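Please keep the 3D view open as you read.

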Amino acid sequence: MKPLAIKNSWVLVTGASTGLGRASALRLAASYQAKPLIVGRRLDNLRELQTEIDERFNVPCEIIVADQREIEGREKIAAKVAELQVTAALLVAGMTSVGSFDAGRADTYAEVIETNILGFTDLLARLIAIFREQPFESSVIAVSSLAGETSVPFQAVYGASKAYVSTLMRALSVELAGDGSECWVFCTRWNRHRHGCPQRFEVGEVGFDGR
């Protein structure tokens, strides 16, 4: 599978307000000269990131304030993706939960499931439908976690949600083969989220080509 050329193309980045999403948007602009379409719930953070991308890299960047858990947010994201003819999507948005498995945490578990499974699945389906209609190749990359590849005590619901993401994306990578739209997934370690991009993203091994 050859890397997808994204130079001067729009790339959707969800979860861009902080952490890995923010670092990934910066990396896309710096290393690939791609135009980030950044999504998050915090307008002030997104505006700060947009300004940094413009000042450091002179690359166009647009903002969508949206919550992946809400259908209105997913509709807003999909509409902008279609309008800008986005080439690729990096789906970073997610929610974690840490603590003993307990009935008293049901509301937190519901938020994790709504974000990492229900909202993610609906947004992914909308993006793939758009990409299939475009006259050029496209790619969706979802960020999962090693927590979804093994048993993680005290993060059971989060780990289960990431196992879902990984399984779904691996199945779609086969289902969409030869369709002009590709699905990838890569897993990160928790401690890399706070400091920047995973190494594989930094060195361009996740399916993108900046040439």
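Let's begin where two helices touch. Ile-71, Arg-74, Glu-75, Ile-77, Ala-78, Val-81 and Ala-82 in α3 meet Gly-119, Asp-122, Leu-123, Arg-126, Leu-127, Ile-130 and Phe-131 in α4, where contact means heavy atoms within 4.5 Å. By class, this contact of α3 with α4 has nine nonpolar, one polar and four charged residues; Ala, Val, Leu, Ile, Met, Phe, Trp, Tyr, Cys and Pro count as nonpolar, Asp, Glu, Lys and Arg as charged, and the others, Gly among them, as polar.

A word on the ground rules: this is a predicted model, in which local features need pLDDT of at least 70 and side-chain atom pairs count only at pLDDT 80 or more, while totals for chains, interfaces and linings use all residues. Residues are numbered from 1 along each chain as its sequence is written, and side-chain values use heavy atoms, with hydrogens and water left out. Helices (H or I, at least four residues) and strands (E, at least two) are DSSP runs, numbered from the N terminus.

How do these two helices lie? Helix α3 (residues 71–84) and helix α4 (residues 106–133) pack at an angle of about 20°, with their axes 10 Å apart. Axes here are lines fitted to C-alpha atoms, for helices over the stretch in contact, and angles run from 0 to 180 degrees between N-to-C directions. α3 and α4 are therefore roughly parallel to each other, a label for angles under 35 degrees.

While you are at α4, look for Thr-115, which has its place in this helix. Thr-115 counts as buried at 6% relative accessibility, buried being under 20% relative accessible area (1.4 Å probe, protein chains only). Beyond its neighbours within four places in sequence, Thr-115 is in contact with Gln-68, Arg-69, Gly-94, Met-95 and Phe-120.

Now turn to helix α1 (residues 19–32), whose 14 residues reach 19 Å from the first C-alpha to the last, close to the 20 Å expected at 1.5 Å a residue. That expected span is 1.5 Å times one less than the number of residues. α1 is mostly covered, with 10 of its 14 residues buried, among them Leu-20, Ala-25, Leu-28 and Tyr-32. Just after α1, Gln-33 takes a positive phi of about 55°.

The partner to look at next is helix α2 (residues 43–57): its axis and that of α1 come within 10 Å and cross at roughly 20°. α1 and α2 are therefore roughly parallel to each other. Arg-22, Ala-25, Leu-26, Ala-29 and Ala-30 in α1 meet Glu-48, Leu-49, Glu-52, Ile-53, Arg-56 and Phe-57 in α2. By class, the contact of α1 with α2 has seven nonpolar, no polar and four charged residues.

Two single residues deserve a stop. Ser-17 is found in the loop between β2 (10–13) and α1, and at 10% relative accessibility Ser-17 counts as buried. Leaving aside neighbours within four places in sequence, the contacts of Ser-17 include Arg-22, Val-39, Asn-45 and Leu-46. Lys-35, in strand β3 (residues 35–40), counts as buried at 19% relative accessibility. The C-alpha atoms of Lys-35 and Ser-9 are 26 residues apart along the chain and separated by 5.7 Å.

Finally, visit helix α5 (residues 156–175): its 20 residues should span 28 Å at 1.5 Å a residue, and its end C-alpha atoms are 29 Å apart, which agrees. Buried residues in α5 include Val-157, Tyr-158, Val-165, Met-169 and Leu-172.

Key: Angles under 35 degrees count as roughly parallel, over 145 as roughly antiparallel, 65 to 115 as roughly perpendicular and the rest as oblique. Buried means under 20% relative accessible area, exposed over 50%, partly exposed in between (1.4 Å probe, protein chains only).
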